Amino acid sequence: MTVHPWLIKPEDTHLNWANLQDNWTSIADLIALHFPYTDRSELLKLDGDLTSLTRYLAETHDLTLKEAVDAVDFILLIDKTMPEPATK
């Protein structure tokens with residue numbers, strides 16, 4: 001399945017992206033910790049934009065866009081930066 005970056009929206013993830021944007025410096029540090037080929041200054045320039053982050057991580061780590069979204073989602077979940085999704 002091909003995921004085009006212009007189709008990735010915060011509602012497509014488990015993330016509460018608005019809350020993460022408010023704390024972008026800490027989130028960028030966490031992402032840099034888990035993605036060794038990132039540059040912190042480049043992450044900070046993204047200013048919490050999910051499409052740009054996804055594209056950047058995919059390019060720097062040889063991931064698909066979907067893999068990049070899933071990886072960020074997972075990292076933030078295990079770090080307890082975001083609550084686990086409610087079960088139905």
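A residue counts as buried under 20% relative accessible area, as exposed over 50%, and as partly exposed in between. Ser 41 has a relative accessibility of 39%, so Ser 41 counts as partly exposed. Keep in mind as you read on that this is a predicted model.

Where does Ser 41 sit? Its place is in helix 3. Along the sequence, Ser 41 is 13 residues from Ala 28, and the C-alpha atoms of the two are 9.0 Å apart in space.

## The overall layout

Let's step back to the whole chain. The protein chain has five helices and zero strands, and from the N terminus its elements run α-α-α-α-α. Of its 88 residues, 39% count as buried. The chain exposes about 5600 Å², and carbon and sulfur atoms supply 53% of that area.

## The nonpolar core

In soluble globular proteins, nonpolar side chains tend to be buried together. Here, the largest nonpolar core has 18 residues. Which of these touch the most other members? They are Trp 24, Ile 31, Leu 43, Leu 53, Leu 57 and Val 72. Helix 2, helix 3 (40–46), helix 4 (50–61) and helix 5 are the elements that give two or more residues to this core.

## Helix 2 against helix 5

Helix 2 covers residues 24–34 and helix 5 covers residues 65–78. Their axes come within 11 Å and cross at roughly 110 degrees. Angles from 65 to 115 degrees count as roughly perpendicular, so helix 2 is roughly perpendicular to helix 5.

Which residues meet here? From helix 2 come Ile 27, Leu 30, Ile 31 and His 34, and they meet Val 72, Ile 75 and Leu 76 of helix 5. Sorted by class, this contact has six nonpolar residues, one polar residue and no charged residues.

## Helix 4 against helix 5

Helix 5 also packs with helix 4, at an angle of about 110 degrees and with the axes 8 Å apart. That angle makes helix 4 roughly perpendicular to helix 5.

On the helix 4 side you will find Leu 53, Thr 54, Arg 55, Leu 57 and Ala 58. They meet Leu 65, Ala 68, Val 69 and Val 72 in helix 5. By class, the contact of helix 4 with helix 5 has seven nonpolar, one polar and one charged residues. Val 72 is a helix 5 residue listed in this contact, and Val 72 is also listed where helix 5 meets helix 2.

## Thr 60 in helix 4

Thr 60 is another residue of helix 4.

Leaving aside residues up to four places away in sequence, Thr 60 touches Tyr 37 and Thr 38. Thr 60 and Phe 35 are 25 residues apart in sequence, with 8.8 Å between their C-alpha atoms.

Two aspartates in loops have a backbone feature to check in your viewer. Asp 47, in the loop between helix 3 and helix 4, has a phi near 50 degrees, a positive value in a residue other than glycine. Asp 47 has a relative accessible area of 55%, so Asp 47 is exposed. Asp 62 lies in the loop between helix 4 and helix 5, and its phi is near 55 degrees, again a positive value in a residue other than glycine. At 73% relative accessibility, Asp 62 counts as exposed.

Asp 22 belongs to helix 1 (residues 17–22). Its relative accessibility is 69%, so Asp 22 counts as exposed. How far is Asp 22 from Gly 48 in sequence and in space? They are 26 residues apart in sequence and 8.2 Å apart in space, C-alpha to C-alpha.

Methods
Residues are numbered from 1 along each chain as its sequence is written. This is a predicted model: local features need pLDDT of at least 70, side-chain atom pairs count only at pLDDT 80 or more; totals for chains, interfaces and linings use all residues. Side-chain values use heavy atoms; hydrogens and water are left out. Axes are lines fitted to C-alpha atoms, for helices over the stretch in contact, and angles run from 0 to 180 degrees between N-to-C directions. Helices (H or I, at least four residues) and strands (E, at least two) are DSSP runs, numbered from the N terminus. Angles under 35 degrees count as roughly parallel, over 145 as roughly antiparallel, 65 to 115 as roughly perpendicular and the rest as oblique. Contact means heavy atoms within 4.5 Å. Ala, Val, Leu, Ile, Met, Phe, Trp, Tyr, Cys and Pro count as nonpolar, Asp, Glu, Lys and Arg as charged, and the others, Gly among them, as polar. Buried means under 20% relative accessible area, exposed over 50%, partly exposed in between (1.4 Å probe, protein chains only). Accessible areas come from the Shrake-Rupley method with a 1.4 Å probe; for residues, only the protein chains shown count as cover. A nonpolar core is a set of buried Ala, Val, Leu, Ile, Met, Phe, Trp, Tyr and Cys residues joined through side-chain atoms within 4.5 Å.
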